[in-house]
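Visitor: I would like to learn how to read the features of a model like this one, step by step. Could we go through it together?

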Amino acid sequence: MDAPLTIPTPKNISFEQAATLGVGSYTASLGLFEGLNIPPDHPTSNPEPKDEWVIVFGGAGSVGQYAVQLAKTCGYKVLASCSEGGEEVSNFPNPLSSYRIPSSSTPYTVYCPPSDDGTQLLKSLSATATLNHTLDHANQLAAIRSLTGGNFSRVFDAAGYSYPLAAKALSEISTAAGPKYFTTTDDWSPLDEIPGTKTHRITLGPIGREGEEKLHENIKKYIPVIKTLVEEGTVFTNGVEVLGEGGIEGLKGVLEKGEKGEKGKKGVVMVGGV
Ligand SMILES: NC(=O)c1ccc[n+]([C@@H]2O[C@H](COP(=O)([O-])OP(=O)(O)OC[C@H]3O[C@@H](n4cnc5c(N)ncnc54)[C@H](OP(=O)(O)O)[C@@H]3O)[C@@H](O)[C@H]2O)c1
């Protein structure tokens with residue numbers, strides 16, 4: 001990868017955290033800023049809180065965690081789905097006026113979100129409400145209606161599984177009068193048009209390749225925003241877990257054993273010293 005497409009290491013995170021920052025945060029940024037039509041400088045311009053929801057399906061995953069936090073820093077109320085936590089729906093007493101997380105200024109603080117409990121993880125990342133995605137669609141839609149009152153026009157499918165639910169939520173529950181937006185990490189399945197909705201499929205895969213000027217231009221706009229938000233403690237990186245013994249042989253071992261590490265955390269293999 002060419003240096004201009006990488007994020008200079010934020011000064012308050014560990015090397016292992018920095019190694020995992022790119023893909024999740026770039027994918028979430030492409031979804032929010034290109035797909036959901038939110039200006040890319042919005043999160044760092046300290047926008048006024050909005051009385052409008054963004055829905056993030058798959059909010060506890062790597063991409064989802066960044067999508068939740070970025071949407072929150074843009075001033076939206078965020079309803080995020082996850083599978084764990086034992087609660088079907090949680091609405092956190094999270095006043096819009098305090099949506100910015102207080103800055104964590106200690107260098108190299110490794111923030112470890114409670115990754116075994118999606119609801120608590122999302123709460124700690126400042127989601128406004130959560131929804132259990134193991135409920136059947138009728139119940140998830142009923143929960144979306146009761147939590148948001150239909151006051152949303154932007155839906156982010158971070159998991160890549162949620163097109164059918166998103167399509168129903170946007171066409172049957174959203175009360176938005178203007179354009180609606182749907183973005184998804186699913187860049188492979190055929191998807192029907194959702195009435196009144198612009199659909200954007202995130203495609204980070206070709207990053208670094210020739211002929212991808214538009215993608216590179218976008219990524220370069222996001223880099224200073226992501227770095228600033230991480231350094232000021234507004235956006236937390238994903239939890240990390242170092243896997244294997246390290247070195248190329250260690251990498252081979254991790255791959256052979258199919259080690260993935262703890263749910264909700266990024267597995268990192270230290271190939272060389274730093
Ligand atoms: N198009 C692109 O350019 C691009 C770029 C990056 C990633 N991706 C794709 O994006 C997806 C997410 O990536 P990731 O790195 O964030 O993966 P990840 O960390 O493994 O997260 C996946 C999340 O999906 C959630 N999930 C599983 N089944 C679900 C369902 N039925 N409804 C709603 N959510 C569900 C899981 O939630 P729980 O943990 O709560 O069960 C999990 O948190 C992957 O498919 C990946 O291949 C695409």
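**Reading the fold**

Guide: Of the contacts in the chain with a separation of 6 or more, 74% are between residues 24 or more positions apart, a contact being a pair of residues whose C-beta atoms, placed from the backbone, lie within 7 Å. This is a predicted model, in which local features need pLDDT of at least 70 and side-chain atom pairs count only at pLDDT 80 or more, while totals for chains, interfaces and linings use all residues. Residues are numbered from 1 along each chain as its sequence is written.

Visitor: How many helices and strands does the chain have?

Guide: The chain has seven helices and nine strands, where helices (H or I, at least four residues) and strands (E, at least two) are DSSP runs numbered from the N terminus. Buried residues make up 43% of its 274 residues; a residue is buried if 20 or more other C-beta atoms lie within 10 Å of its own, exposed if 12 or fewer, and partly exposed in between, with C-beta atoms placed from the backbone.

Visitor: Is Leu32 buried or exposed?

Guide: Leu32, which is found in helix α1, is buried, because 29 other C-beta atoms lie within 10 Å. Leaving out residues up to four places away in sequence, Leu32 touches Ile38, Ala67, Leu70, Ala71 and Phe156. With Phe156 the separation is 124 residues in sequence, yet 7.6 Å in space from C-alpha to C-alpha.

Visitor: What is His200 in contact with, leaving aside its neighbours within four places in sequence?

Guide: His200, in strand β7 (residues 197-201), is in contact with Glu34, Gly35 and Thr183. His200 counts as partly exposed because it has 17 C-beta neighbours inside 10 Å.

Visitor: How should I read the packing of two helices?

Guide: Two packed helices are described by the angle between their axes and the distance between the axes. Here helix α4 (residues 137-148) and helix α5 (residues 163-173) pack at an angle of about 45 degrees, with their axes 11 Å apart; axes are lines fitted to C-alpha atoms, for helices over the stretch in contact, and angles run from 0 to 180 degrees between N-to-C directions. The two helices α4 and α5 are therefore oblique to each other, given that angles under 35 degrees count as roughly parallel, over 145 as roughly antiparallel, 65 to 115 as roughly perpendicular and the rest as oblique. On the side of α4, the contact is made by His137, Gln140, Leu141, Ile144 and Arg145, and on the side of α5 by Leu165, Lys168, Ala169 and Ile173.

Visitor: Which residues have a positive phi although they are not glycine?

Guide: Most residues other than glycine have a negative phi. Asn37, however, has a positive phi of about 60 degrees, and Ser126 has one of about 80 degrees. Asn37 lies in the loop between α1 and β1 (53-57) and is partly exposed, with 15 other C-beta atoms within 10 Å. Ser126 lies in the loop between α3 (118-124) and β4 (129-132) and counts as buried, with 22 C-beta neighbours inside 10 Å.

Visitor: How many residues surround the ligand?

Guide: The ligand is surrounded by 27 residues, the closest being Gly61, Ser83, Ala159, Thr185 and Leu204. At least two residues of this shell come from each of α1 (15-35), α2 (62-73) and β2 (77-82).

Methods: A residue is near a molecule or strand if its C-beta atom, placed from the backbone, lies within 6 Å of it. Two residues are in contact if their C-beta atoms, placed from the backbone, lie within 7 Å.
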